[in-house]
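I opened the notebook to go through this structure one feature at a time. Each entry below notes what I looked up and what I found.

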Amino acid sequence: MRWVLAIAILVAAFFFLGAEAQDARQGQQTERISGSAGDVLEDDPVGRLKVYVYDLPGKYNKKLLKKDPRCLNHMFAAEIFMHRFLLSSAVRTFNPEEADWFYTPVYTTCDLTPSGLPLPFKSPRMMRSAIELIATNWPYWNRSEGADHFFVTPHDFGACFHYQEEKAIGRGILPLLQRATLVQTFGQKNHVCLKDGSITIPPYAPPQKMQGHLIPPDTPRSIFIYFRGLFYDTSNDPEGGYYARGARASVWENFKNNPLFDISTDHPPTYYEDMQRAVFCLCPLGWAPWSPRLVEAVVFGCIPVIIADDIVLPFADAIPWEEIGVFVAEDDVPKLDSILTSIPTDVILRKQRLLANPSMKQAMLFPQPAHPGDAFHQILNGLARKLPHGDDVFLKPGVRALNWTAGPAGDLKPW
């Protein structure tokens with residue numbers, strides 16, 4: 001009986017919280033984020049850098065997409081949309097002599113297995129082949145060994161090119177990419193697959209699809225804690241415990257019968273609408289620290305509860321993650337209920353006001369066409385902040401640092 005009374009009080013509070021949050025959004029749509037975050041979100045990289053886009057044969061990009069159009073919709077699609085964006089961007093230059101950065105459009109994640117996992121040997125062979133091509137036909141790679149080049153590598157473990165963490169760690173980042181800048185979704189501190197100087201980006205989530213599921217902004221947030229997804233990956237982790245380092249399993253085992261938690265493996269057609277009705281959305285790690293739920297939570301104004309130790313979040317210099325989210329250590333998952341119910345209402349309201357900032361949402365998306373402040377521009381901002389290139393970027397004549405034959409034996413076969 002006490003549980004019933006408690007739930008009734010909480011539900012009433014959630015309805016009140018939703019109305020209060022809407023009033024706050026109407027009164028202060030663009031609250032200035034503390035520090036420089038608001039300024040960074042509004043920053044415009046155009047005029048501060050020039051990018052040369054290599055024109056590669058279609059087998060490295062367009063033919064792969066034609067063969068498998070679903071590459072446009074999966075969470076790794078940033079590699080495609082970044083290419084399309086740059087082709088028409090104001091930062092593109094057709095004169096490589098004036099370029100600050102060189103971009104090589106290789107869709108290493110597009111050629112997937114039927115299970116949706118990147119082919120662990122074909123991806124590095126493709127990348128090696130593309131680098132050999134640009135090094136042979138243009139002089140710019142050889143003068144810096146790629147230090148003024150960037151690549152989009154949005155796999156689970158980036159340029160380690162393997163979807164299983166242990167094997168990814170064993171392979172390491174492709175040696176030819178050691179001097180290049182990587183634009184990658186994977187981000188975990190002190191991990192061999194996250195290269196120093198990488199630009200960490202959000203996974204791709206379809207903007208138009210989410211836009212089509214928006215509900216009235218004054219809809220009460222009557223769900224306290226929401227999550228839809230796997231708790232166990234029995235096909236890849238049959239013994240259990242390794243997937244999500246046990247964090248998702250702990251969520252299910254501790255809270256499957258808790259009335260404050262709306263959690264399930266089902267993915268209902270109202271999934272997007274439900275997130276807009278929730279106060280907190282769980283964003284636990286899976287095989288990698290991130291998932292599209294992080295993007296969805298920000299877009300739908302649901303406070304992201306980030307459960308992924310040592311995660312490196314996308315655009316951390318532009319988005320005040322500590323202010324809009326809640327961080328819970330993996331070992332503290334059994335205390336999720338007490339952690340979230342103890343957050344003061346005024347703190348929740350402030351997080352919701354910040355999430356309501358249109359610039360915050362825009363920075364997480366790859367819209368077509370692009371918009372100022374979106375994820376494309378945040379990437380360009382990251383590149384611009386790395387300029388000017390230091391004296392150590394360009395090699396002295398005759399100096400060679402990289403070995404073209406370095407890497408796992410399986411990667412060295414022709415592509």
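**Entry 1: F161**

I started with F161, which sits in the loop between β3 and α7. The model is predicted. Is F161 buried or exposed? I found F161 buried, because its relative accessible area is 2%, and buried means under 20%. I then listed its contacts, setting aside neighbours within four places in sequence. F161 is in contact with T108, P120, S123, P124, M127, T153, H155, R171, L174 and L177. I also checked G172, eleven residues away from F161 in sequence. The C-alpha atoms of F161 and G172 are 8.3 Å apart.

**Entry 2**

Next I went to β3, the strand of residues 149-152. I recalled that side chains in a regular strand alternate between the two faces of the sheet. In β3 both faces are covered. H149 and F151 are buried on one side, and F150 and V152 are buried on the other.

Which strands pair with β3? One is β2, residues 101-103, which runs parallel to β3 and is joined to it by two bridges. Here Y103 has F150 of β3 as its bridge partner. Another is β4, residues 181-184, which pairs with β3 in the parallel sense over three bridges. I noted V183 in β4 as the bridge partner of V152.

**Entry 3: the five-stranded sheet**

I then looked up an open sheet of five strands. Its order is β7-β6-β8-β9-β10, and the pairing is parallel. Which strands stand at the edges? They are β7 (261-264) and β10 (326-327). Each has a single partner strand, so one side of each is left without a neighbour in the sheet.

I followed the pairing of β7 with β6, residues 223-228. Four bridges join these parallel strands. R228 stands opposite S264 in β7.

**Entry 4: D274**

D274 lies in helix α10. I found that D274 counts as buried, because its relative accessibility is 12%. What does its side chain meet? A polar contact of 3.1 Å joins the side chains of D274 and Y226. Setting aside neighbours within four places in sequence, I found D274 in contact with I223, Y226 and P268.

**Entry 5: the largest pocket**

I turned to empty space. Rolling a probe the size of a water molecule over the atoms shows where it is left. The largest pocket has a volume of about 1200 Å³. I counted 43 residues in its lining, and M75, Y243, S291, P292 and R293 are the closest to its centre.

Which helix gives the most to this lining? It is α7, with three residues. I noted that α7 (165-171), α10 (271-276) and α11 (293-299) each supply at least two residues. By class, the lining of the largest pocket has 19 nonpolar, twelve polar and twelve charged residues.

**Entry 6: cavities**

How many cavities of 30 Å³ or more does the whole structure hold? I found five. The largest cavity has a volume of about 50 Å³. I wrote down its lining: C283, P284, P289, W290, S291, L294, I306, I311 and L313. Eight of these are nonpolar, one is polar and none is charged.

**Entry 7: backbone exceptions**

Last, I checked the backbone. Most residues other than glycine have a negative phi, and most peptide bonds are trans. I looked for exceptions.

E145 is not a glycine, yet its phi is positive, about 50 degrees. E145 is in the loop between α6 (140-144) and β3. N190 also has a positive phi, near 55 degrees, and lies in the loop between β4 and β5 (199-200). Are these two buried or exposed? E145 is buried, with a relative accessible area of 1%. N190 counts as exposed, because its relative accessibility is 85%.

I then noted two cis peptide bonds. The bond from Q368 to P369 is cis, with omega near 0 degrees. P369 lies in the loop between α15 (358-362) and α16 (375-384). The bond that joins L387 and P388 is cis, with omega about -5 degrees. P388 is in the segment after α16.

Note on methods. Residues are numbered from 1 along each chain as its sequence is written. This is a predicted model: local features need pLDDT of at least 70, side-chain atom pairs count only at pLDDT 80 or more; totals for chains, interfaces and linings use all residues. Side-chain values use heavy atoms; hydrogens and water are left out. On a 1 Å grid over the protein atoms alone, a cavity is a set of points where a 1.4 Å probe fits but cannot get out, and a pocket is an open set with protein on both sides within 12 Å along at least five of seven lines; lining residues have an atom within 4 Å of a point. Grid points are joined across faces, edges and corners, and a volume is the space filled by probe spheres set on the points. Ala, Val, Leu, Ile, Met, Phe, Trp, Tyr, Cys and Pro count as nonpolar, Asp, Glu, Lys and Arg as charged, and the others, Gly among them, as polar. Buried means under 20% relative accessible area, exposed over 50%, partly exposed in between (1.4 Å probe, protein chains only). A polar contact is a pair of N or O atoms within 3.5 Å; within protein, one must be able to donate a hydrogen and the other to accept it, and residues adjacent in sequence count only if both atoms are side-chain atoms. Contact means heavy atoms within 4.5 Å. Two strands pair if DSSP finds at least two bridges between them.
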